[in-house]
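Here are my notes for a first look at this model. Please read them with the structure open.

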Amino acid sequence: MRANRPGDPILTITDAPVNHWQTIHEDLFAHNAAFVGEPNRSELQVMLHDQKGQVIAGAFGFTIWNYLYIQWLWVAEKHRKQGMAIRLLEAAEERAQKRGCTGAWIDTFSESGLAAYRKAGYEVFGELPDFAAGQARIFLRKSLEATNKG
């Protein structure tokens, strides 16, 4: 790494959270908005509860520009293979469409997640092999426009 010269900006590297993230976030969004319009980022949470009120499945993400991004989707082990992931995705997609979204994307490490997302109409558009512990990180997308017209 090159050493700082007098008058150079000061480079810092840290493993601890720093409160400058908000400045970077706001400035980056403002820069991008000049090219592609306002992001209109809005958080989105979809939950399933059992009869006792316990969370048994959930999806968390956000809508941004005209896309839905599902950052996390989880179904409790004993409730898997019952269509809950698809139910969560459909609910999130419906809300995203109401927000004007025309597409969605999600990623996964697991074969079961990949199968569920494909069953829900998502298609693979990218992969990072050996992303974690020899597992590929697979990226999937889905057009929400076709479901708007039905």
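1. Start at a ring. The charged end of arginine 41 sits over the ring of phenylalanine 62, 3.7 Å from its centre. A charge counts as over a ring if NZ of Lys or CZ of Arg is within 6 Å of the ring centre and within 35 degrees of the ring normal.

2. A word on the basis. This is a predicted model, where local features need pLDDT of at least 70, side-chain atom pairs count only at pLDDT 80 or more, and totals for chains, interfaces and linings use all residues. Residues are numbered from 1 along each chain as its sequence is written, and side-chain values use heavy atoms, with hydrogens and water left out.

3. The overall layout. The protein chain has four helices and six strands. Both are DSSP runs numbered from the N terminus: helices are H or I with at least four residues, strands E with at least two. The order from the N terminus is α-β-β-β-α-β-α-β-β-α. The radius of gyration of the protein chain is 19 Å, well over the 15 Å that the globule rule gives for 150 residues, so the chain is more spread out than a compact globule. That radius is taken over C-alpha atoms, and the rule is 2.2 Å times the number of residues to the power 0.38. The C-alpha trace spans about 65 × 40 × 35 Å along its principal axes.

4. Burial. Of the 150 residues, 31% count as buried. Buried means under 20% relative accessible area, exposed over 50%, and partly exposed in between (1.4 Å probe, protein chains only).

5. Aromatic pairs. There are seven of them. Rings of Phe, Tyr and Trp (its six-membered ring) pair if their centres lie within 6.5 Å; planes under 30 degrees apart are stacked, over 60 edge-to-face, the rest tilted. Phenylalanine 60 lies in strand 2 (residues 55–64) and tryptophan 72 in strand 3 (residues 67–75), so the pair ties together parts twelve residues apart in sequence. Phenylalanine 60 is partly exposed, at 27% relative accessible area. Tryptophan 72 is exposed, at 56%.

6. Back to phenylalanine 62. Phenylalanine 62 and tyrosine 69 also pair edge-to-face, with 5.4 Å centre to centre and 65 degrees between the planes. Both residues are buried. Ring pairs link Phe62, Tyr67, Tyr69 and Trp105 into a cluster.

7. Strand 4 and its neighbours. Is strand 4 (residues 103–108) largely enclosed or open? Five of its six residues are buried, so strand 4 is largely enclosed by the rest of the structure. Strand 3 and strand 4 pair in the parallel sense over four bridges; pairing needs at least two DSSP bridges. Tyrosine 69 stands opposite tryptophan 105 in strand 4. The chain crosses from strand 3 through helix 2 (residues 84–98) to strand 4 in a right-handed β-α-β crossover. Right-handed means that, with the strands pointing away from the viewer, the path from the first strand over the helix to the second runs clockwise. Strand 4 also pairs with strand 6 (residues 135–143), antiparallel over six bridges. There, threonine 108 has isoleucine 138 in strand 6 as its bridge partner.

8. Backbone points to check. Aspartate 130 has a positive phi near 50 degrees, and is not a glycine. Aspartate 130 is in strand 5 (residues 123–132) and is exposed, at 59%. Alanine 133 has a positive phi of about 50 degrees. Alanine 133 lies in the loop between strand 5 and strand 6 and is exposed, at 84%.
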